[in-house]
Amino acid sequence: MSNNCFVMKCGGSTLAALPDAFFLDLKKLQDEGTIPVIVHGGGPAISDTLGKLGIETEFVNGLRKTNEAVLDVVEMVLSGQINKEIVRKIQKSGAKALGLSGVDGHLIQAKPVANAHEVGLVGDVTHVNAEIIQGIVRMGYMPVVAPVGIGEGAQRYNINADTAAGAVASHIGVERMIVVTDVPGIMKTVDGEKRVLPVVTVADIEQMITSGEIYGGMIPKVRAAIQCIQGDVREVVIVNGSEPEVLSKVLRGDKIGTRIQR
């Protein structure tokens, strides 16, 4: 599985803003026999829809507090609206994609997170049904996965997209995960100017979080990246999706973005 496959994580709002060239690059990779497994988020769109429906939402340490009413919206936006929008965009480029959520075929099995008393129905991944992903890839389609999980008694869980992507990568046995964002990588201020760090280790990241150089929304991104470096996953690459042919460049080994390594 590992040679012709990689996992790509992308925020829903990032994907919606990506240029056509990005999707043509996906098609090129698929034509060459390298099939991306895409796991997407959709935080801003979920917040937007909750707002329109007058449902209050709050965050606890970067995780959305989730009850059944919020979960209805999470599932509707992630598994419905965003998942299908991504599939349409991929298909428009001439590539083949198949959208599904973690609920389908018990793809992403989950249990409540440790602080469920604070955040409600947010899940940690206990198992990924890799055979489904492998079957879709063998058929020549890109799987596009919405991170809604399923647990005991058919309970749904809201799963952080970074966490879901890391779990999918480690369960299907790929060596590399690419996180597509709207930033060029992990930045560090050197001599008063911000520069992209080409390679960082897990220890470097912990130190930069402590020193405050990595802050805000970047913390969950890099923490999730660190979590992904388990099993067969040896590196996670953070890149800006609007860079031309960004995925091909990463796979070729060009110096682009930030590579997080063991």
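## Largest pocket

At least two lining residues of the largest pocket come from each of helix H1 (12–17), helix H3 (43–52), strand E4 (63–64), helix H7 (161–172), strand E11 (176–181) and helix H9 (218–228). Helices (H or I, at least four residues) and strands (E, at least two) are DSSP runs numbered from the N terminus. The model is predicted: local features need pLDDT of at least 70, side-chain atom pairs count only at pLDDT 80 or more, and totals for chains, interfaces and linings use all residues. Residues are numbered from 1 along each chain as its sequence is written, and side-chain values use heavy atoms, without hydrogens and water.

The largest pocket holds about 700 Å³ of space. Among its 30 lining residues, Gly-42, Gly-43, Pro-44, Asn-160 and Asp-162 are the closest to its centre. A pocket is an open set of points on a 1 Å grid over the protein atoms alone where a 1.4 Å probe fits, with protein on both sides within 12 Å along at least five of seven lines; lining residues have an atom within 4 Å of a point. Grid points are joined across faces, edges and corners, and the volume is the space filled by probe spheres set on them.

## Second largest pocket

The second largest pocket holds about 350 Å³. It has 15 lining residues, with Leu-63, Asn-160, Thr-163, Arg-223 and Gln-227 closest to its centre. H9 gives the largest share of this lining, five residues.

## Helix H4

Helix H4 (residues 68–92) has 25 residues and spans 34 Å from first to last C-alpha, close to the 36 Å expected at 1.5 Å a residue, where the expected span is 1.5 Å times one less than the number of residues.
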